[in-house]
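Me: I'd like to learn how to read a model like this one. Can you walk me through it, starting with the metal?

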Amino acid sequence: MAEPVIVYKGGAIARYGFGDPHPFGLDRHDVFHEELAAEGPGDSICYGSPRDATVDELHLFHTADYIDFVSKKSAEGGGYLDGGDTPAMPGIFEAAASVVGTTLAAVDAVMSGEARRAFTPIAGLHHAGRGHAAGFCVFNDCGVAAEYLRARHGLKRIAYVDIDAHHGDGVFYGFEDDPDLIFADTHEDGRYLYPGTGAASETGKGAARGTKLNIPLEPGAGDAEFATAWQKIEDYLDAARPEFIILQCGADSLEGDPITHLRFTEEAHASAARSLCEIADRHAGGRIIGTGGGGYNRRNLSRAWTRVVQAFADAS
Ligand SMILES: [Zn+2]
């Protein structure tokens, strides 16, 4: 019998991060896994091992010039990959390739039927563009996964759903003119928070105009405002009928995050995961993966992600 939920664990993804005092520290993986082991669904999950993405896989989303740039900066070490948010740590290329490869492993596990759902904590690096690093994100594992689902698994309509406090600009602009990338993102209003994008008026361009959903929330918005936004996301996804769902469940939208101003509780993340499993069951053969995304208060990220995994297990 197939295991219902695979959760990825291992040093290859734990090493993705930046040393003190950077908020995306190297302890986030272990903090989550300690909470999951103590409070998670126990025997109804199993653990998967990270794998590295190949350069060909990175190239499904990223430009060759950018991949070469990261490789060179990573070998040199020092400085930044962007204007000052994302340090060029020695070995960051390999760590970022492991994050992408592990998200692709999650995709493969769900597509093959090995798992009903899958979750990888150090992932959901949604700010990286096709040709640039941004906001602590080197390679965009969700963007690569969407292209991989098309190129390697023959799917067409992939849904990307993002409840991180920050707008998923790397995914949005990476597919802005692509009507088959179903995009729903609720986030703190860009007038108050990095990266400054994601206005409700941004619905796609060209052939995709009017097909994407951005829902900015005022600073201080909590579970009630999230529930109102979620109803719109649910209706949008039901109309769009995705074949696969990628959830980016950044925990920096919870109250107490040090760099954002939303005030969700972890119940927002649990309810989103429950709802998405139902939507996946209605339209996508149950196929969904979760990626951890942001979250810089360790208690919040460990609890929110554990609730997502619990919801995946309960819905399997
Ligand atoms: Zn974030």
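**Zinc site and helix H8**

Reply: The zinc ion is coordinated by Asp164 (OD), His166 (ND1) and Asp252 (OD), at 1.9 to 2.0 Å. Donors are N, O and S atoms within 2.8 Å of the metal (3.2 Å for Na, K and Ca), and water is not among the atoms, so sites may look incomplete. This is a predicted model: local features need pLDDT of at least 70, side-chain atom pairs count only at pLDDT 80 or more, and totals for chains, interfaces and linings use all residues. Residues are numbered from 1 along each chain as its sequence is written, and side-chain values use heavy atoms, leaving out hydrogens and water.

Me: What spacing do the donors of the zinc ion follow along the chain?

Reply: The pattern is D-x1-H-x85-D.

Me: Is Asp164 buried or exposed?

Reply: Buried means under 20% relative accessible area, exposed over 50%, partly exposed in between (1.4 Å probe, protein chains only). Asp164 is buried at 1%, and His166 is buried at 7%.

Me: Which residues of H8 are buried?

Reply: Helices are DSSP runs (H or I, at least four residues) and strands likewise (E, at least two), numbered from the N terminus. H8 covers residues 223-240, and its buried residues are Phe226, Ala229, Trp230, Ile233, Tyr236, Leu237 and Ala240. Seen down the axis of H8, they fall within an arc of 125° (taken from the directions from the helix axis to the C-beta atoms), so they line one face.

Me: What does the face turned away from the buried side carry?

Reply: There you find the exposed residues Ala224, Thr228, Lys232 and Ala239.

Methods:
Expected span 1.5 Å × (residues − 1).
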